[in-house]
Amino acid sequence: MGLFVTLMAVGYLLLTRNIGLWRNISASEDASLGIKKAHRMVEHDLLQCNFNDMNTAIVPPSLASGGDGTAVWCLSAAGPTGATLMAPDGSAFWQRNILYYLVVPAGHTSCAGGSGPGNLDDRCPHKVLIRKVIDSGTPTSPASDPIADREALLTGGAITAYLTRPNGFDVSAMMGEPGVTQVEIVANNLLWFETKREPDPDIPKEIQVDIRAVRNEELQTLQSIGSAPLYDSPGVTTHLFSVFPRN
């Protein structure tokens with residue numbers, strides 16, 4: 001019986017460790033998948049824009065302090081089928097504004113929040129990355145005068161009205177915002193989304209994107225989650241990449 005109890009105890013310890021390892025691997029894969037999807041979509045849209053026709057702004061804080069992240073928006077020449085539309089003079093025929101921003105969903109109250117680097121929140125790992133397609137003013141149409149109907153880049157003041165919070169993962173209410181034709185959550189459970197224009201003066205027309213997500217499930221269950229700084233935590237997956245617009 002003593003030998004049986006010993007074997008059972010050893011088996012239990014091995015099982016517990018394997019479960020913990022599986023959870024950490026699973027959490028790491030979830031974080032990586034969300035970041036990869038965000039990278040792919042953000043890069044695709046920014047590559048098609050013109051560096052002078054994109055801008056960034058800090059998203060107003062949803063929690064106690066620190067902006068939720070950086071908003072980045074640009075003009076897109078992609079038509080309804082996804083093909084790039086060109087004006088008669090060979091320049092891109094800008095169709096609409098595309099906006100990405102990180103925000104804490106409405107109703108989320110478990111995180112206290114706090115200001116980290118760049119006055120951005122680095123406490124709450126439950127943010128979502130929103131992508132909005134906005135056709136402001138008169139809907140553009142390649143069949144009409146491309147110069148008269150060409151979309152203009154939204155100003156920083158105008159973009160603030162679109163930095164709204166979803167109700168959990170429900171973004172249906174955002175479709176009622178002026179000119180919004182498409183809304184989706186690109187990734188969830190993100191900690192950080194920051195974009196910078198030409199961070200290095202020696203590298204012209206660079207757009208640098210920094211995306212971070214908590215990957216360690218143990219961090220997700222800590223009582224201090226949402227109030228302790230996580231920016232440089234070993235349990236966070238960091239993904240930094242650069243985009244150089246082609247138009």
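# Close-up views of a predicted model

**View 1. Glutamate 206 is a buried residue without a salt bridge.** In this predicted model, the nearest side chain of opposite charge belongs to lysine 196, and it is 10 Å away from glutamate 206. A salt bridge requires the nitrogen and oxygen atoms to lie within 4 Å. Glutamate 206 sits in the loop between β6 (192-197) and β7 (207-214). Leaving aside neighbours within four places in sequence, glutamate 206 is in contact with Phe51, Lys196, Arg197, Glu198, Pro199, Asp200, Ser242, Val243 and Phe244.

**View 2. Five strands form an open sheet in the order β1-β2-β3-β4-β5.** The pairing in this sheet of 5 strands is antiparallel. At the edges are β1 (54-58) and β5 (180-190), each of which pairs on one side only. From one strand to the next, the twist averages 15°.

**View 3. Strands β1 and β2 run antiparallel and are joined by 5 bridges.** Strand β2 covers residues 70-76. Isoleucine 58 is found opposite threonine 70, which belongs to β2.

**View 4. Aspartate 45 and arginine 131 form a salt bridge between their side chains.** The N to O distance is 3.0 Å. Aspartate 45 is part of helix α1 (residues 2-47) and arginine 131 is part of strand β4 (residues 127-134), so the pair ties together parts that are 86 residues apart in sequence. Aspartate 45 and arginine 131 are both buried. A network of salt bridges links Asp45, Arg131 and Glu184.

**View 5. Glutamate 177 and lysine 132 form a salt bridge.** Their closest N and O atoms are 2.7 Å apart. The pair links distant parts of the chain, with glutamate 177 in the loop between α3 (156-159) and β5, and lysine 132 in strand β4, 45 residues apart. Are these two residues buried or exposed? Glutamate 177 has a relative accessible area of 14%, so it counts as buried, the cut-off being under 20%. Lysine 132 is buried too, with a relative accessible area of 0%.

**View 6. Arginine 123 forms a salt bridge with aspartate 122.** Here the closest N and O atoms are 2.5 Å apart. Arginine 123 is buried, as is aspartate 122. How many salt bridges does a search of the whole structure find? The search finds 7, among them the pair of arginine 123 and aspartate 122.

Conventions: Residues are numbered from 1 along each chain as its sequence is written. This is a predicted model: local features need pLDDT of at least 70, side-chain atom pairs count only at pLDDT 80 or more; totals for chains, interfaces and linings use all residues. Side-chain values use heavy atoms; hydrogens and water are left out. Helices (H or I, at least four residues) and strands (E, at least two) are DSSP runs, numbered from the N terminus. Buried means under 20% relative accessible area, exposed over 50%, partly exposed in between (1.4 Å probe, protein chains only). Lys and Arg count as positive and Asp and Glu as negative; His and the chain ends are not counted. Contact means heavy atoms within 4.5 Å. Two strands pair if DSSP finds at least two bridges between them. Axes are lines fitted to C-alpha atoms, for helices over the stretch in contact, and angles run from 0 to 180 degrees between N-to-C directions.
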